[in-house]
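Subject: Structure handover

Hello,

My notes on sheets, helix packing and ring pairs follow below.

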Amino acid sequence: QVFDAGDYFGIMQVEEVDEEEEGDEEMEEEFKKKPNPGNEPCFKVIVTNENGLQASNPNSIFLIDHAWTYRVEHARQQLLHVPGLLHRMTNLMGISFHGEIPDEGSIEQVLQEMWKYNQTYQLSQGTAEEKVPVWYIMDEFGSRIQHSDQPSFATAPLFYMPQQIAYTVLWPLRDLETGDEVTRDYAYGETDRLIRKCVLLPWVPNEVLDVNCFTPEPSDDHYQAILAENKEKLPIAINPPVYDKDKIFKVFTDIQQVLNNLTHPRFVFTDNEGEADILYNFSHFKDYRKLSEERPEVMLNQFPCENLLTVKDCLASISRRAGGPDGPRWLPRTFNLQTELPQFISYFQQRDRRGEDNHWICKPWNLARSLDTHITNSLNNIIRHRESSPKVVCKYIENPVLFHREDVGMVKFDIRYVVLLRSIKPLKLYIYDVFWLRFSNRAFSLDDLDDYEKHFTVMNYAPGVTLKQVHCEEFIPLFEKQYPEYPWTTVQANIFKAFAELFQVASAKPAPLGICDYPSSRAIYAVDLMLKWDTSRDGKKMMQPQILEVNFNPDCDRACKYHPTFFNDVFSTLFLDETDGCHVTCIV
């Protein structure tokens, strides 16, 4: 509570003066007339206390207030509506803002510039929504501390529980004298020279065009490390179990949709896990080794190493087995921001130089429902997002195939298929015959990148947002009417071809480099995709499927509601090998 930083530090404005231009008043006048001179005022924080500061003194620790704390998706609204916020931010960032009423131009500038000032933390407990990273901007004092590779101070966020407030702690790393500058390392913790150069780009513009943007598949060690981190124990080799022709299987499950909808006479439920023939679990199963040694005949609804499909960075790396330096045509170009930052920046800068579209979408590796997912064409924004939670960055589909909604116009849509994986060796893959559609609520255009209802299709989780539903049987004739040259059967054949290729590469190598071929495993996944306009090899305009993600244990609520036999079909296909009368198509 003692605000004594002023007794130790001062903020100085630094005038950059060019020797030759002194006295050239005409130049000065011209410069002042420019709407927003490139060189915003430069500030430094220096030690002003006449005794300097001793690193060993327990009183040499200071707290910095946070001027603005927010989640990215709320930034624009807050700048518009929180009194005085825009004014304070434009001042802090050296953006000229005259007037009382927030204007679009100033807000846009703050949204661009804020990535040079943003810091981040996330709460480690609470719901998925509460764990989404929080960004904050330190007050004028904290924000004016400049970068140095040999910093004199360190900073760290501190969440003070009694007040439920976050501060930044500032402390000296060595003894300082009066007049010494207060600096911190903006790339704290990074030791690799190239990565430091990349991380510092928002403040020190640089070209990394000389880095090859080709991203080879990661090494075998990378996959071994993922296996260890997941604490999964691989099964021993077993012989495929053989069951009586009319055996009735006992199912142990904690999934309500299965309990409510599985009515097939050859399956009964049990509350005793120890006597079950089939484990159909909602959460991830880890110890396959023990199960394979003690109860090899027990079937279950997951495969060892299936995270290679369901976690976004793994999906991108295994897909590279299917084609060229840019990966397969059915997956948007993807970079892992933790391990492929230089390649990404090189690719971004090359596209920029060629004048190509540079909209990207940043996604966390493992959060669903579009949480903490951001669309941007700002390189600084993407580089800084790497500091929050582990993310991939994917090329944003700038030319999606759109669907005409009478009430709104041409909107984005995505398609969800449920795929049934019966076995890995041999690979046996089925698709459920019904697919699901989700639509955006506003007409698509490549602007207002933070307008959720224009750019996203996941509406069933946002409160108070309408969810547009069209059944696939209604959709196909509407689609063909809008695109008469593209019969749905052809489009769907291309989609199935992409699915087949994905599962082929996912099972092409032994575990943990591929999905494990455990004979007692079965699984259903939901694959989400979009269609984009592309040019085929012979120069024709075509609809190219783009696989967006693969989901483990998908929410089958809509499936059960409209197709009561859904789980009967799934269980019959996966556990009985009986597909007659089931709504499934074998694609591999």
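Contact here means heavy atoms within 4.5 Å. Axes are lines fitted to C-alpha atoms, for helices over the stretch in contact, and angles run from 0 to 180 degrees between N-to-C directions. Helices (H or I, at least four residues) and strands (E, at least two) are DSSP runs, numbered from the N terminus.

This is a predicted model, where local features need pLDDT of at least 70, side-chain atom pairs count only at pLDDT 80 or more, and totals for chains, interfaces and linings use all residues. Residues are numbered from 1 along each chain as its sequence is written, and side-chain values use heavy atoms, with hydrogens and water left out.

Four strands make an open, parallel sheet in the order E12-E11-E13-E14. Two strands pair if DSSP finds at least two bridges between them. E12 (267–269) and E14 (299–300) are the edge strands; each has a single partner, so one side of each lacks a neighbour in the sheet. E13 (residues 278–280) joins E14 over two bridges. Ile-278 has Met-299 of E14 as its bridge partner.

Helix H18 (residues 566–575) lies across E11 (249–253), E12, E13 and E14. It runs at about 130° to E13.

**Ring pairs**

The whole structure holds 47 aromatic pairs. Rings of Phe, Tyr and Trp (its six-membered ring) pair with centres within 6.5 Å; planes under 30 degrees apart are stacked, over 60 edge-to-face, the rest tilted.

Phe-267 and Phe-571 are edge-to-face, at 5.2 Å centre to centre and 80° between planes. Phe-267 is in E12 and Phe-571 in H18, so this pair ties together parts 304 residues apart in sequence. Tyr-280 and Phe-567 have centres 6.5 Å apart and planes at 90°, so they are edge-to-face too. Tyr-280 is in E13 and Phe-567 in H18, so that pair links parts 287 residues apart in sequence.

Buried means under 20% relative accessible area, exposed over 50%, partly exposed in between (1.4 Å probe, protein chains only). Phe-267 is buried at 7%, and Phe-571 at 0%. Tyr-280 is buried at 2%, and Phe-567 is buried at 2%.

**Elsewhere**

Eight of the eight residues of helix H11 (residues 312–319) are buried, so H11 is largely enclosed by the rest of the structure.

A three-strand open sheet runs E3-E9-E8, with antiparallel pairing. Its twist averages 35° from one strand to the next.

Best wishes
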